[in-house]
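Here is a short briefing to read with the model open beside you.

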Amino acid sequence: MIKQVLTFSLSKSIISAGNVQIMGAIIRLVLVFSLTFAAYVRNIPWESDIQIWEDASHKAPDNPRVHENLGEAYWKKGRLDVALEQAGIVLSFDPSSASAHSNLGAIQDALGRHDLAMEHFHKALSLDPECFKALLNLGVLLQSEGSLNEATRYLQRARELQPLDAEVHNALGSVYAAKGLHKRAVEHYLLAISLKPEYARAHYNLGSIWLVRRLEGKAIEHLRIATDLDPGLAAAHNNLGLAYIRIGLIDKAAEEFRMAAKLMPDSAETHNNLGRIYELKGLRQEATVEYQTALELDPTYSMARSNLIRLSK
């Protein structure tokens with residue numbers, strides 16, 4: 001049974017344990033805007049939020065703060081195209097605004113335009129070396145590209161400016177996880193959670209580290225919190241499934257892998273994992289379908305191919 005479990009795989013890993021790769025303990029959606037919302041706005045639905053700032057933009061079209069808040073509202077709603085347009089309007093009012101460049105960088109990064117994002121973050125810091133959001137966002141982007149020492153430098157500077165910011169500690173934890181410094185990573189994830197107990201991604205990251213350390217009880221605790229706080233966090237469902245596999249709860253693992261596959265239907269790894277679960281349960285036809293789906297999504301995925309060949313014998 002244990003040998004079979006070791007053939008499970010998870011995508012884009014940065015940390016590993018034996019032959020099992022754990023889904024990366026870094027979730028890059030840390031990129032943030034320079035917020036200017038009034039406190040009361042935060043507690044209303046995003047649709048109403050958008051309506052408020054759309055109305056304000058018609059009444060005060062020359063007010064950059066209004067456009068920044070409107071862009072933030074669309075960002076939260078996932079409308080990156082409109083958020084990008086609003087960030088551009090803000091920059092046209094004040095090309096020397098570090099905050100506007102940082103916001104543009106965050107949107108460009110979310111759109112996958114990492115070089116443009118890097119340019120805007122560096123421009124923001126040339127205008128204001130203490131622009132917190134630019135330091136944080138640039139550190140996260142550099143970490144994702146493997147420039148860990150550079151990332152650490154920017155994130156440590158961000159922490160000096162705002163030592164009680166949960167996102168900074170989560171990002172630093174992810175850098176240390178990528179370096180294999182798990183103890184330091186855990187320290188920062190715990191700090192992030194103490195500062196923001198409802199921070200789903202910090203719980204996910206901490207749970208993933210515990211999974212690497214083979215502390216399945218702690219891993220399950222934090223991964224379950226992560227999925228409770230953010231049911232759409234596919235990576236947490238995936239790693240929770242692996243944790244359940246390790247302690248022999250096959251049915252629970254199947255439930256989590258099915259949810260991960262539903263949330264990430266284009267992920268070859270999640271379909272391969274679901275196939276392994278079906279195979280362990282003796283459901284050969286269902287397993288075959290999942291392995292074939294994994295190979296259709298990624299024809300170079302050797303693990304799914306090996307699983308399919310073994311199953312056909």
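Contact here means heavy atoms within 4.5 Å. With that in mind, the buried residues of α17 pack against α15 (268-280) and α16 (284-297). Please remember that this is a predicted model.

**The chain as a whole**

- The protein chain holds 17 helices and two strands.
- It has 313 residues, of which 52% count as buried.
- Taking contacts between residues at least 6 apart in sequence, 52% join residues at least 24 apart.

**Helix α17 and its buried face**

- Helix α17 spans residues 302-312, and its buried residues are A304, N307 and L311.
- Viewed down the axis of α17, these buried residues fall within an arc of 60°, so they line one face of the helix.
- An α-helix has 3.6 residues a turn, so residues three or four places apart point the same way.
- The partners of the buried residues of α17 are α15 and α16.

**How α14 meets α15**

- The axis of α14 (residues 250-263) comes within 9 Å of the axis of α15, and the two cross at roughly 155°.
- Angles over 145 degrees count as roughly antiparallel, and α14 and α15 are therefore roughly antiparallel to each other.
- The crossing of α14 past α15 is left-handed.
- On the α14 side, the contact is made by I250, A253, A254, F257, R258, A260 and A261.
- On the α15 side, T270, H271, N273, L274, I277, Y278 and L280 take part.
- Sorted by class, the residues in this contact of α14 with α15 are ten nonpolar, three polar and one charged.

**A83 in helix α4**

- A83 sits in helix α4, which covers residues 80-93.
- The relative accessible area of A83 is 0%, and the residue is buried; the cut-off for buried is under 20%.
- Apart from residues up to four places away in sequence, A83 touches G71, Y74, W75 and I107.

**Q108 in helix α5**

- Q108 belongs to helix α5, which runs over residues 98-110.
- Is Q108 buried or exposed? With a relative accessible area of 8%, Q108 is buried.
- Setting aside neighbours within four places in sequence, Q108 is in contact with L84, R113, L116, A117 and H120.

Methods:
Residues are numbered from 1 along each chain as its sequence is written. This is a predicted model: local features need pLDDT of at least 70, side-chain atom pairs count only at pLDDT 80 or more; totals for chains, interfaces and linings use all residues. Side-chain values use heavy atoms; hydrogens and water are left out. Buried means under 20% relative accessible area, exposed over 50%, partly exposed in between (1.4 Å probe, protein chains only). Helices (H or I, at least four residues) and strands (E, at least two) are DSSP runs, numbered from the N terminus. The arc is that of the directions from the helix axis to the C-beta atoms. Axes are lines fitted to C-alpha atoms, for helices over the stretch in contact, and angles run from 0 to 180 degrees between N-to-C directions. Angles under 35 degrees count as roughly parallel, over 145 as roughly antiparallel, 65 to 115 as roughly perpendicular and the rest as oblique. A crossing is left-handed if the near helix is turned anticlockwise from the far one by less than a right angle, and right-handed if clockwise. Ala, Val, Leu, Ile, Met, Phe, Trp, Tyr, Cys and Pro count as nonpolar, Asp, Glu, Lys and Arg as charged, and the others, Gly among them, as polar.
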